[in-house]
Amino acid sequence: MTPSEPAETRTEARPTQTATLAEIAREAGVSAPTVSKVLNGRADVAPGTRTRVEELLRAHGYRRRRAEATRSPLIDVVFHELESAWAMEVIRGVENVARDAGLSVVLSESAGRLTPGRTWADQVAARRPYGVVLVLSGLDESQRALLTSRSIPFVVMDPAGDPGADVPSIGATNWQGGLAATRHLVELGHRRIGAITGPSQMMCSRARIDGYRAALETAGLPVDQALIKTGDFHHETGYRLGRELLDRPDRPTAVFAGNDLQALGFYEAARELGLRIPEDVSVVGFDDLPVARWVGPPLTTVRQPLTEMAEAAARLVLELARSTSREAPAATRVELATSLVVRTSTGAPPAG
């Protein structure tokens, strides 16, 4: 069952719409049905015509009225990469909300790019979903304008960069998580603590490593750049960079990995070198994926509430889709708390 639409048209405190579809059609030198085809993401429009119409829609700040925006019972979810246990936790959260609302979920991947391609935006316009959740991704200006003109709301979950003050987003307390992970190792007595970060262009990676640095500096310990390796959140990179850290003659006695997958790669590197966890080296991850409890030894990690974050993002999309200006959600930028989960991959540093 598709959730009911609000009966009234929004009355927003935004600039009055300055052009009708007929006026935009005249200015573009096309028919009103052609403009309607562009709005609906139809494929039977010449690329040059589509570009000209989109530019005029954006220039006039055109926004389809909610009463005109017939919606499909869908939520679109866009991942920059889909192949991981991390993505499954996010999908579970969106599905929980979609199921209760009588909606289905459409998944797509931007093949590692931080913004999906233009073809994706046209497909979304054609599907006319209730809204879009972008995971570790974002939109360029033209994509935002395309969705806005169709009254398709979007929310960014765990944004890769600063999404902008006007973009609804759901995140986690990444800096606090990095601080808690490193402080735990310091309190166990570790003084040489390495780190394997995520991609440097991602805001969550930078926040986690900033928390790591803050914990060391607060404890009066030096931040040794040689012990900080830049990764990409993949298992293979955790293994490769783990070997680099552990092959050092002055190897660290503990490592904070930027996510659980890299921590598991580090496990493999330690095993190859005959090192025991935690007797010879301690490890802390980030995310608390289900696999963190199953590995040997179970992984100490920072719990990022991925399912709850995805549920919050999906709920916010639905609230935005149903809202008028008088009923807009109170908060559209939310951070959920992270927490340290101590298991048996961490212990005191080896004697000597």
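I take a crossing as right-handed if the near helix is turned clockwise from the far one by less than a right angle. The model I examined is predicted.

**Entry 1: helix 4 and helix 12**

I looked up how helix 4 passes helix 12 and found a right-handed crossing. The axes of helix 4 (residues 85-101) and helix 12 (residues 306-322) come within 7 Å, and I noted a crossing angle of roughly 40°. Helix 4 is therefore oblique to helix 12.

I then listed the residues that make this contact. Helix 4 contributes Trp86, Glu89, Val90, Gly93, Val94, Asn96, Val97 and Ala101. From helix 12 I recorded Leu306, Thr307, Ala310, Glu311, Ala314, Arg315, Leu318 and Arg322. Sorted by class, the contact of helix 4 with helix 12 holds nine nonpolar, three polar and four charged residues.

**Entry 2: helix 9 and helix 10**

I next turned to helix 9 (residues 235-246) and helix 10 (residues 260-272), whose axes cross at roughly 45° and come within 6 Å. I noted the crossing of helix 9 and helix 10 as right-handed.

On helix 9, the contact is made by His235, Thr237, Gly238, Tyr239, Gly242, Arg243 and Leu246. On helix 10, I recorded Leu261, Gln262, Leu264, Gly265, Phe266, Glu268, Ala269, Ala270 and Glu272. I counted seven nonpolar, six polar and three charged residues in the contact of helix 9 with helix 10.

Definitions and conventions. Residues numbered from 1 in each chain as written. Predicted model: local features only at pLDDT ≥ 70, side-chain atom pairs only at ≥ 80, totals over all residues. Heavy atoms only, no water. Axes fitted to C-alpha atoms, helices over the stretch in contact; angles between N-to-C directions. Helix = DSSP H or I, 4+ residues; strand = E, 2+ residues; numbered from the N terminus. Contact = heavy atoms within 4.5 Å. Nonpolar A, V, L, I, M, F, W, Y, C, P; charged D, E, K, R; others polar. Parallel < 35°, antiparallel > 145°, perpendicular 65-115°, else oblique.
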